[in-house]
Amino acid sequence: MTTPFIEALLAAERPLVMEVKRRDADGLDLIAGRTPADIVAAYEEMGAPCISVVTGRWFGGTPELLRDVARITRLPVLQKDFITRAGHLEQARDLGASAVLLTAGLLPAVSLGKLVTAALRAGLTPFVEVTSEEELAAVPHPRDCLIAVNNKDIRRRERGQAEIDRSLDLLPALRATGTPCPVSASGIDGPAAAARLLDEGYAGLLVATALLRAPRPHDWLAELDALRAPAARQTAGA
Ligand SMILES: O=P(O)(O)OC[C@@H](O)[C@@H](O)c1c[nH]c2ccccc12
């Protein structure tokens, strides 16, 4: 079963979930005086297929931020927060989310299973983040979920270096679950890392900090396209 969020990402030429996040893991501002509407307009103009909104307090988010973003865009919206109860799912849906983050490393397997099932029943796409094969093994209904490898450690509040190799190492295991759209998330710091992950077979990426901080985000995307172009040309047989 695919959902609007997964479909949008699979159909995109440049499958980047672009994220609205007020602060980075060190508490530093990422917004630089822009309104959520400014950021959403820029992302839409850059061809974002989906938008993510961090409502978690650590990152300066609020539920209102999700509501505001969902009101001004028709793109499917992901809520990134630390969801632990079914009640949070209803709230997410009421605020306008199409997909919800569920963090495998923070939830006992039984809770994760219940939340995935409840999300699917509520018409929400579970965006399940994992950091290891053990966590991946606990994800039920992988064909109906969007499974993302987090390159950072959320238990350390995303501080520290990203490990892009984690995404590369886990990709075969992700594919083996039958999940339709493997995603790599967090710490993708530039077009080179993004191009590598896509060329290795990731169907989607989630990027916040690097795009929000890029002095010229269009150049970032153009560079990504240029880095990917040779492979695309090869595939086209040119
Ligand atoms: O800013 P980055 O490094 O591109 O990372 C984005 C995203 O993955 C991150 O915001 C995130 C990953 N897991 C979370 C859980 C809650 C809130 C936020 C997150």
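For this notebook, Ala, Val, Leu, Ile, Met, Phe, Trp, Tyr, Cys and Pro count as nonpolar, Asp, Glu, Lys and Arg as charged, and the others, Gly among them, as polar. I am working on a predicted model.

**Ligand shell.** I sorted the shell around the ligand by class and got 10 nonpolar, 5 polar and 5 charged residues. Which of the 20 residues come nearest? I find K80, A185, S186, A208 and T209. Next I looked up the elements behind the shell. Strand β8 (204-207) and helix α9 (209-213) each supply at least two of its residues.

**Barrel.** I followed the strands around. The 8 strands close into a barrel, in the order β1-β2-β3-β4-β5-β6-β7-β8, with parallel pairing. From one strand to the next, I get an average twist of 25 degrees. Then I checked where β1 meets β8. Strand β1 (residues 16-20) runs parallel to β8, and 3 bridges join the two. I picked out M18, whose bridge partner in β8 is V207.

**α2 against α3.** How do α2 and α3 cross, left-handed or right-handed? I took the axes before the handedness. The axes of α2 and α3 (residues 63-72) come within 10 Å and cross at roughly 45 degrees. The two helices are therefore oblique to each other. Their crossing is right-handed. On the α2 side I list P36, A37 and V40 in the contact; on the α3 side, L65, D68, V69 and I72. By class, I count 6 nonpolar residues, no polar ones and 1 charged in this contact.

Conventions
Residues numbered from 1 in each chain as written. Predicted model: local features only at pLDDT ≥ 70, side-chain atom pairs only at ≥ 80, totals over all residues. Near = placed C-beta within 6 Å. Helix = DSSP H or I, 4+ residues; strand = E, 2+ residues; numbered from the N terminus. Pairing = 2+ DSSP bridges. Axes fitted to C-alpha atoms, helices over the stretch in contact; angles between N-to-C directions. Parallel < 35°, antiparallel > 145°, perpendicular 65-115°, else oblique. Left-handed = near helix turned anticlockwise from the far one by under 90°. Contact = placed C-beta atoms within 7 Å.
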